[in-house]
Amino acid sequence: MNIVILIFVTAFLNSVVCYVDKSIMNKGVTKKEYFYYTCLTMLPFAISMIIFKATTGSLKFSIGIVPFLLLALAMFLRYKKQFAIAGMSRALKPFENVCYMSLGLLLAYLVDLLIGLKHFNLVAVSSIIITLIGVFTLAGVKLKLKSLRRDLIVRITCEIGLGYVAHFILSYWSNELYILFNNLLLVILCKQKSSNKKTDKKIIGMFFVQQLFGFGYIYLYNYLSSFSVTTSSFVKPVTILVTVIISFFLGKKAMPTIKNLIATLMIIIGVILINLC
């Protein structure tokens with residue numbers, strides 16, 4: 001399938017997940033519950049994909065120290081990332097959430113510079129300046145909140161880290177096996193960290209809806225990262241565009257202001273310029 005089409009599909013799935021995350025957190029779900037149930041409800045989708053891939057004979061798995069070390073790193077990063085997502089989803093509107101994550105694209109680009117995949121130039125400098133201005137214009141007073149600032153840094157770091165883990169681990173294991181092992185082990189190891197109170201069945205149903213789109217997003221994001229994290233970074237500007245469009249159809253309460261739209265446009269331009277470098 002064409003990479004551009006994959007990027008748009010991945011962005012759409014990510015946009016839906018952002019809105020479902022916001023609805024879940026508005027139900028009063030704790031960070032521990034969010035982490036545990038997102039991992040748990042991911043399992044049926046991963047198993048279904050494994051069964052499908054097994055019938056085609058396209059599963060890939062190799063035993064070695066490198067993939068298991070990468071898996072251990074992925075588990076740690078996902079654990080931290082899910083807690084950060086819960087904090088950001090509670091405090092931000094979906095389109096704001098995605099905009100802040102654009103800072104991660106800058107980090108990915110800098111990493112590519114360090115490992116020699118990109119070369120620094122004036123276009124890159126311009127894209128960084130435009131994106132930072134857009135992000136801080138959109139941020140307003142929200143980033144003055146210590147907890148949000150911490151969640152943002154943790155999520156960006158973990159997301160980029162997971163992108164590079166996927167880039168390397170998919171040369172050893174199939175995508176669906178990697179997703180299954182990552183989430184299954186987290187569910188087993190962290191079960192006692194979930195809330196003891198009985199979670200409403202309706203909320204658990206919302207988690208399954210979330211993963212109906214979330215599994216597809218992670219699967220495609222990993223696939224794009226297997227080419228390069230720069231390739232998967234194209235998802236973010238498109239996601240920003242999609243979430244802003246969706247917000248117009250959700251009524252006045254979710255609709256962004258003119259200032260936010262201008263800031264969003266600056267981020268989109270900045271991120272696209274990064275990927276053209």
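Which residues does Asn183 touch, not counting residues up to four places away in sequence? In this predicted model, Asn183 touches Cys39, Met42, Leu43 and Arg78; contact here means heavy atoms within 4.5 Å. Asn183 lies in helix H8. Asn183 is buried, at a relative accessible area of 2%. Buried denotes under 20% relative accessible area, exposed over 50%, and partly exposed the range in between, with a 1.4 Å probe and protein chains only.

The model is predicted, so local features need pLDDT of at least 70 and side-chain atom pairs count only at pLDDT 80 or more, while totals for chains, interfaces and linings use all residues. Residues are numbered from 1 along each chain as its sequence is written, and side-chain values use heavy atoms, with hydrogens and water left out.

The chain contains 12 helices and zero strands. Both elements are DSSP runs numbered from the N terminus: helices are H or I with at least four residues, strands are E with at least two. In sequence order the pattern reads α-α-α-α-α-α-α-α-α-α-α-α. The chain has 277 residues, and 52% of them are buried. Contacts between residues at least 6 apart in sequence were also sorted by separation; 88% of them join residues at least 24 apart. The accessible surface of the chain is about 13,100 Å². Carbon and sulfur atoms account for 73% of that surface. Accessible areas come from the Shrake-Rupley method with a 1.4 Å probe; for residues, only the protein chains shown count as cover.

Charged pairs were examined next. Side chains of opposite charge can pair when their charged atoms come close. The structure holds two salt bridges, each defined as a side-chain nitrogen of Lys or Arg within 4 Å of a carboxyl oxygen of Asp or Glu. One joins the side chains of Glu176 and Lys53, at 3.4 Å from N to O. Glu176 lies in helix H8 (residues 175–190) and Lys53 in helix H2 (residues 31–56), so this pair ties together parts that are 123 residues apart in sequence. Glu176 is buried, with a relative accessible area of 0%.

The side chains of Lys81 and Glu159 also meet in a salt bridge, again with 3.4 Å from N to O. Lys81 belongs to helix H3 (residues 65–91) and Glu159 to helix H7 (residues 146–169), so the pair links parts that are 78 residues apart in sequence. Both partners count as buried: Lys81 has 9% relative accessibility, and Glu159 has 4%.

Cysteines were then checked for bonding. A disulfide is a covalent bond between the sulfur atoms of two cysteines. The criterion is a pair of cysteine sulfur atoms within 2.5 Å. By this rule the count is zero disulfides. For Cys190, the closest cysteine sulfur is that of Cys39, at 7.6 Å, too far for a bond. Cys190 is buried at 8% relative accessibility. Cys18 is buried as well, with a relative accessible area of 9%.

Leaving aside neighbours within four places in sequence, Gly134 is in contact with Ala263, Met266 and Ile267. Gly134 and Ile268 are 134 residues apart in sequence, yet their C-alpha atoms are 8.9 Å apart in space.
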